[in-house]
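Morning, everyone. Please look at the screen while I walk you through one protein model.

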Amino acid sequence: MHILTAEQFNTSQIEKIFRRADYLRGQSATLAGRKKVYKLHEGRQLCSIFFQPSTRTRLSFEIAATKLGMGVISTENAREHSSSAKGETIEDTAKILDGYDVDLIVMRHYEAGAVARAAAVCKTPVINAGDGTGEHPTQALLDAYAIKQAHGRLTKLNVVIGGDLSHGRTVRSLSWLLSKYPKNHIVFVSIPELRVGSDVKKFLKASGTTFEETSDVKAALAGADVVYWTRLQAEYLKDPKAVSKGFSLNEKSIDVMKKTAILMHPLPRVDEIAPAVDADPRAAYFRQAAGGLYVRMALIDTVIQNG
Ligand code: NCD
């Protein structure tokens, strides 16, 4: 059971992961609970291999696995520190890891589709921790978990997704998850150069999820239940300076947001949300990231049980 795209989940699987995350979060509140959770996967191993930088995804997966009692073997800069630097293909690298009988492989790669190619040659479950401009399914799960925590539902929401919509993999994966639930409306906010991909529009249409595209930040923010802001994905652009205009939020610009709305961001932020916004109760990005640990614990647990 590989986790490669947010498309693969149905709503009952998502809800099950969230219930498990709630349980694991509850257990983590006491030492007795932590010890109980530690017994769940004692003796198992997770191998994490990241060909692109990461703070939250890699560390939360590794902390999650450790809390579940697993051993963690990790290479954090595989583009330089693995045989990829010598020209080894992702398939060969994956076959080697598969041969070491670990229980789970978590992989991030700079090329869209590379993690799926690795998974295709592995019996060991592989989790996509972000593949280039492709997908980031576990981020979408934790994003949805944060939305559910704030609003108590994943339906009938007006979700504003803004920033670099053409290169951001979290945008594609979150759109997939939102499209699984009825009656959501997505407002994509970007400059023309950074519009959301036609593939995303296609699956939204197919699912009946309504959406619109605009560059009017103020109007979009005013109507939102959820604002999901993203960074310019400079690493995929030839000339980031040429497109890095606009879309910085500060205390003033979020004034128009409803009291009940939340402001999310997959992080890292660069300059698209001013630090002064952090004190606003609607700023949910640090809560969002913190919940990701339990979502990833629940996902590891689920994948191993089913794998
Ligand atoms: C995101 C990613 O790597 O796609 N980061 C993350 O995992 N939280 C978003 C980003 O880098 O902009």
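How many residues in the lining of the largest pocket are nonpolar, polar and charged? Five are nonpolar, 11 are polar and five are charged. Here Ala, Val, Leu, Ile, Met, Phe, Trp, Tyr, Cys and Pro count as nonpolar, Asp, Glu, Lys and Arg as charged, and the others, Gly among them, as polar.

Some ground rules. This is a predicted model: local features need pLDDT of at least 70, side-chain atom pairs count only at pLDDT 80 or more, and totals for chains, interfaces and linings use all residues. Residues are numbered from 1 along each chain as its sequence is written, and side-chain values use heavy atoms, leaving out hydrogens and water.

Back to the pocket. A pocket is an open set of points on a 1 Å grid over the protein atoms alone, where a 1.4 Å probe fits, with protein on both sides within 12 Å along at least five of seven lines; lining residues have an atom within 4 Å of a point. The largest pocket holds about 410 Å³ of space, a volume filled by probe spheres set on the points, which are joined across faces, edges and corners.

Its lining has 21 residues. Nearest the centre are Arg108, Arg169, Arg231, Leu267 and Pro268. Helix H3 (56-67) and helix H8 (169-179) each supply at least two lining residues. Helices are DSSP runs of H or I, at least four residues, and strands are runs of E, at least two, numbered from the N terminus.

Where does this pocket lie? Domain 1 (6-135 + 290-306) and domain 2 (137-288) both give residues to the lining, so the pocket lies between them. The domain bounds come from an automatic or database assignment.

Now look at Leu267 and Pro268. A cis peptide bond joins them, with omega about 5°. Pro268 sits in the loop between strand S9 (262-264) and helix H12 (285-306). Leu267 is in that loop between S9 and H12 too. Leu267 has a positive phi of about 65°, although it is not a glycine.

Is Leu267 buried or exposed? Buried, at 12% relative accessible area. Buried means under 20%, exposed over 50%, and partly exposed in between, with a 1.4 Å probe and protein chains only.

Asp101 also has a positive phi, near 55°. Asp101 lies in the loop between helix H5 (90-99) and strand S3 (104-109). Asp101 is exposed, at 61%.

Last, cysteines. There are zero disulfides, a disulfide being a pair of cysteine sulfur atoms within 2.5 Å. The sulfur of Cys47 is 9.7 Å from its closest cysteine sulfur, in Cys122, too far for a bond.
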